[in-house]
Amino acid sequence: MSLEQTACEDLKAFERRLTEVIACLQPSTTRWRIVLAVISVCTAAGAWHWLTDPDTPTVSFAQSLWNHPFFAIASISLVILFILGIHKRVIAPSIITARTRTVLGDFNMSCDDTGKLILKPRPTTTT
């Protein structure tokens, strides 16, 4: 087996593994996006009811939150999700592809969002 054939096989194996990793992350990423969307909508709806309540300006902040447990629980849940790193889980495939593109740039290659390799033309040297 020649050196070129070995290099080609290595690139194909790398590409298969990269597409496999990105494809494996997609279902998890979709679930986290749904969780984030639902809790965001719940927080927004709770905030709307909280802000439009005529009693909100007249009572203390703690009493106001006590009167609107849906908003309080949704807000706390949203904060906890961000502390636990949901913002990273939602964009995990993008993080991996961006870092891979950075590394592949040194080898005059890139990849698309699904992990398929893109070979760039070799730079010409002028002497």
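Visitor: In which helix is isoleucine 76 found?

Guide: Isoleucine 76 is found in helix H3, which covers residues 69-83. Please keep in mind as we go that this is a predicted model.

Visitor: Is isoleucine 76 buried or exposed?

Guide: Isoleucine 76 counts as exposed, because its relative accessibility is 52% and the cut-off for exposed is over 50%. Isoleucine 76 also belongs to a surface feature: together with Ile80 and Leu84, Ile76 makes a nonpolar patch of about 300 Å².

Visitor: What is the span of H3, and what should it be at 1.5 Å a residue?

Guide: The 15 residues of H3 should span 21 Å, and the end C-alpha atoms are 21 Å apart, so the two values agree.

Visitor: Which residues of H3 are buried, and what covers them?

Guide: The buried residues of H3 are Phe71, Ala72, Ala74, Ser75, Leu78 and Leu81. Their cover includes H1, helix H2 (61-67) and H4.

Visitor: What follows H3?

Guide: Glycine 85 follows H3, and its phi is positive, near 95 degrees.

Visitor: How should I read a positive phi in a residue other than glycine?

Guide: Here is the general idea: most residues other than glycine have a negative phi. In this structure, asparagine 108 has a positive phi, near 60 degrees. Asparagine 108 is in the loop between H5 and E1, and its relative accessibility of 25% makes it partly exposed.

Visitor: Let's turn to salt bridges. How many are there by this rule?

Guide: The general idea first: side chains of opposite charge can pair when their charged atoms come close. By the rule used here, a side-chain nitrogen of Lys or Arg within 4 Å of a carboxyl oxygen of Asp or Glu, the count comes to two.

Visitor: Which residue does arginine 17 meet in a salt bridge?

Guide: Arginine 17 meets glutamate 20, with 3.0 Å from N to O. The two residues are three apart in helix H1 (residues 3-52), so about one helical turn separates them. Arginine 17 is partly exposed at 47% relative accessibility, and glutamate 20 is partly exposed at 42%.

Visitor: Which residue does arginine 101 form a salt bridge with?

Guide: The partner of arginine 101 is aspartate 113, and their closest N and O atoms are 2.8 Å apart. Arginine 101 sits in helix H5 (residues 92-105), whereas aspartate 113 is in the loop between strand E1 (109-111) and strand E2 (117-119), so this pair ties together parts that are 12 residues apart in sequence. Arginine 101 is partly exposed, with a relative accessible area of 29%, while aspartate 113 is exposed, with 56%.

Visitor: Which residues of H5 are buried?

Guide: Ala92, Pro93, Thr97, Thr100 and Leu104 are the buried residues of H5. They cover an arc of only 125 degrees around the axis, so they lie on the same side of H5. On the other side of H5, Arg99 and Thr102 are exposed.

Visitor: What do the buried residues of H5 pack against?

Guide: They pack against H1, helix H4 (86-90), E1 and E2. As for the helix itself, H5 has 14 residues and reaches 20 Å from its first C-alpha to its last, close to the 20 Å expected at 1.5 Å a residue.

Visitor: Where does threonine 56 lie, and what is it in contact with?

Guide: Threonine 56 lies in the loop between H1 and H2. Its relative accessible area is 16%, so threonine 56 is buried; the cut-off for buried is under 20%. Leaving aside neighbours within four places in sequence, threonine 56 is in contact with Trp50, Ser64 and His68.

Technical notes:
Residues are numbered from 1 along each chain as its sequence is written. This is a predicted model: local features need pLDDT of at least 70, side-chain atom pairs count only at pLDDT 80 or more; totals for chains, interfaces and linings use all residues. Side-chain values use heavy atoms; hydrogens and water are left out. Patches are made of residues with over 30% relative accessible area and no salt bridge: like charges are joined within 9 Å, nonpolar side chains (Val, Leu, Ile, Met, Phe, Trp, Tyr) within 5 Å. Accessible areas come from the Shrake-Rupley method with a 1.4 Å probe; for residues, only the protein chains shown count as cover. Helices (H or I, at least four residues) and strands (E, at least two) are DSSP runs, numbered from the N terminus. Buried means under 20% relative accessible area, exposed over 50%, partly exposed in between (1.4 Å probe, protein chains only). The expected span of a helix is 1.5 Å times one less than its number of residues. The arc is that of the directions from the helix axis to the C-beta atoms. Contact means heavy atoms within 4.5 Å.
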